[in-house]
Amino acid sequence: MKKSRPLKIVLGLFATLALVLVAVVIFILTFDWNRARPWINHRVSDSIGREFAINGDLRVHWEQGDATEPGWRRYVPRPRISAANVSIANPAWTTAGPQMASVGSIVVAVHPLPLLHKEVVITDLEVDKVTVAAQRRADGSNTWTFKDNGPSEWEVDIQRLSLGEGDLRYLDDGIKLDLRAKASGINEGADAQKYGLRFDLSGSYRNAPVTGGGKVGKVLTLRDEHSNFPVQAQANLGKNKIAIEGQITDPRAPAGLDLKLSLGGASMADLYPLTGVLLPETPPYATTGRLIGKKAGAIWNWTYKDFSGTVGGSDLEGTLAYSPRKPRPLLTGAVTSRQLRLEDLGPTIGAESNEKKANRGKPQNQPDDKALPVEQFNTAKWDALDADVKFTGKKLVRTHDIPLQDIETHIKMNNKVLTLTPLNFGMAGGDITSNIKLDGRQKVIDAQVRMAARHLKIRQLFPKLESMQASVGEVTADAALAGKGNSVSAMLATSSGEMGATVSEGSVSKFILEAAGLNIANLVFVKLFGDKQIQLNCMAGDFVVEHGKAEARRFVVDTQEAVINVSGNVDMAKETLDFDVRPHTKGVRIISLRTPLYARGTFTNPDVGPQKGPLALKAGAAVALATVVSPIAAVIPLINPGKVEPVDCKALLAEANQTRSEARTAPIKKH
């Protein structure tokens, strides 16, 4: 029976199709794919707008499908494509290197069926000997953005990735980063559960050298939206050490990060080239806290939360936030300390630097016998940022001096104007309140200071002076000064204003008073049989300050046994004093050389002694009477009759305090 013509046609078509399929399979299996490299290179280069090249061997192997897949799909063969020496060129403007990426070898296994609905499913991707050179310019343009061909209809899914060795160089002109990394994949071991890549770092950041290493998450997680990408790294950045551990939110387009951050180094000032944040010269420091970054538009805001650390012998803790706003970044937050040593802040507060202390005895721009701090404030970097930080401290220690307690201040820096309003602390059993303003917008700082001291205990003001420990008096003091200069010494040398102090009713050492009055008999008695206290009725001193010279407008000390009047001045520019001290006894003193005293010399080398004229007259009179009359008569000139007008202490203190309550930072006319 003959076959019908239609059946013959159908059978012929099937036979032809089978022959074509066999031919295609034979072609695929035997075709030299290296002959297709020029065509592939051209098509890919044209698509991305950058030169692409497969320079090595290109092969396609077929293998059986994954046995774990259900149904007939497991029998569909899959191509396994391998290529050697693959590269993508960088734009001509880059300085990172001629090739953006080059790969020694790459192997790709592709599932063919998803290609029918425009999905590339890469079941295996193996990459080895990778070199990447990427760069971002200050304007935001970069080397990894290719030609825009519009939205792609194809989707890519990588199911397994294996990484070999690689090298990376990344240049970021915007933050002055030149980073190099040698990386290798983590494909086995305990770390493979969390991390996918380990690396070693070198390079520079803001011209500071960088070395270090670490681990990051699996590269495949970069394809997932809103994923958390783990990071662990440690590095030496210049003279500073840094360690981070945490995660980056949505690493494909980072929107935030949360890292444990540890910092340490020789001085916090060394962080300026790394962070752009102005910090003081300090002793070695170490700190640990939580670094939180949140992206708002194109701006990253940073918070160093719940940090704690040490600077020299000081401890600090708190939270600081940094916002890179325009025209200057802003630093805000609150910091506390249990113990803060003033020397740890060094020249930031005008103290003598460790370097200058080490160089004592060598020629300096400033003489070594200066008593007031001469270290210069560095205003050149005051415009690096604005600040609004509150600080509280339990104890502030000043070397060889009286410690301060319960410090509270609000530090603000705005356009190179630094204010500490208020700056309050406890001292010597009392309290000091102050407001300080340093305007650094000009070459020379314009400084203004207001200060008020209340209830300072005399014995605590002189803790190392044994003869003062029985004193119970309290000191009240005020100052209002304005000056210009880039050091504390220069500011005081040019200052004008007022300052004064009063001591309310209390007691002081009789030994000190008698020594000042040169009452020989009482001085010998005290030396032999001990000291005793003298009732202090009051003390009031007011100074008017003009161009660094503080003139005593009023200086009176009233005790139960004497009234002491002091006149003269203190020259803060020359650091000299010139006082005339005139004690007047309230009772009769026998064998007294009580005479006007002088207090002169420099702050570091004062000279105190009796006025030679009056003392010589007394001594001469005694000698004359002893010669002409009798030796007993020689005692007469050494008797002090004790005639002195009483002091109205209540009125004196009220007048002095009223004057200071109206103090201004400009000189007023003397009384």
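**Figure 1. Aromatic cluster of Phe543, Phe555 and Phe579.** In this predicted model, one aromatic cluster is formed by Phe543, Phe555 and Phe579. Five aromatic pairs are counted in the structure. One of them, Trp300 with Trp302, is stacked, with 5.5 Å from centre to centre and 20° between the planes. The ring centres of Phe543 and Phe555 are 6.1 Å apart and their planes stand at 80°, so this pair is edge-to-face. Phe543 belongs to strand S28 (residues 533-546) and Phe555 to strand S29 (residues 549-559), so the pair ties together parts that are 12 residues apart in sequence. Phe543 counts as buried, because its relative accessibility is 13% and the cut-off for buried is under 20%. Phe555, in turn, has a relative accessible area of 23% and is therefore partly exposed.

**Figure 2. The tryptophan pair Trp300 and Trp302.** This view shows the stacked aromatic pair of Trp300 and Trp302. Trp300 is partly exposed, with a relative accessible area of 21%. Trp302 is partly exposed as well, with a relative accessible area of 26%.

Figure 3. Strand S12 (residues 228-237) pairs with strand S13 (residues 240-249) in the antiparallel sense, over 10 bridges. Within this pairing, Thr249 of S13 stands opposite Asn228.

Figure 4. Asn41 is located in helix H2, which spans residues 37-48. Asn41 counts as buried because its relative accessibility is 15%. Apart from neighbours within four places in sequence, Asn41 contacts Phe52, Ala53 and Ile54. For Ala53, which is 12 residues away along the chain, the C-alpha atom is separated from that of Asn41 by 5.1 Å. For Ile54, the backbone nitrogen lies 2.9 Å from a polar atom of the Asn41 side chain.

**Figure 5. The loop residue Thr94 and its contacts.** Thr94 is found in the loop between strand S3 (78-89) and strand S4 (99-111). With a relative accessibility of 12%, Thr94 counts as buried. When residues up to four places away in sequence are not counted, Thr94 touches Gln135 and Thr143. The side chains of Thr94 and Gln135 make a polar contact at 2.6 Å.

**Figure 6. Arg137 over the ring of Trp93.** The charged end of Arg137 sits over the Trp93 ring, at 3.8 Å from the ring centre.

**Figure 7. The protein as a whole, for orientation of the close-up views.** The protein contains 11 helices and 33 strands. Its chain has 671 residues, of which 39% count as buried. Among contacts between residues at least 6 apart in sequence, 51% join residues at least 24 apart.

Methods
Residues are numbered from 1 along each chain as its sequence is written. This is a predicted model: local features need pLDDT of at least 70, side-chain atom pairs count only at pLDDT 80 or more; totals for chains, interfaces and linings use all residues. Side-chain values use heavy atoms; hydrogens and water are left out. Two strands pair if DSSP finds at least two bridges between them. Helices (H or I, at least four residues) and strands (E, at least two) are DSSP runs, numbered from the N terminus. Buried means under 20% relative accessible area, exposed over 50%, partly exposed in between (1.4 Å probe, protein chains only). Contact means heavy atoms within 4.5 Å. A polar contact is a pair of N or O atoms within 3.5 Å; within protein, one must be able to donate a hydrogen and the other to accept it, and residues adjacent in sequence count only if both atoms are side-chain atoms. Rings of Phe, Tyr and Trp (its six-membered ring) pair if their centres lie within 6.5 Å; planes under 30 degrees apart count as stacked, over 60 as edge-to-face and the rest as tilted. A charge sits over a ring if NZ of Lys or CZ of Arg is within 6 Å of the ring centre and within 35 degrees of the ring normal.
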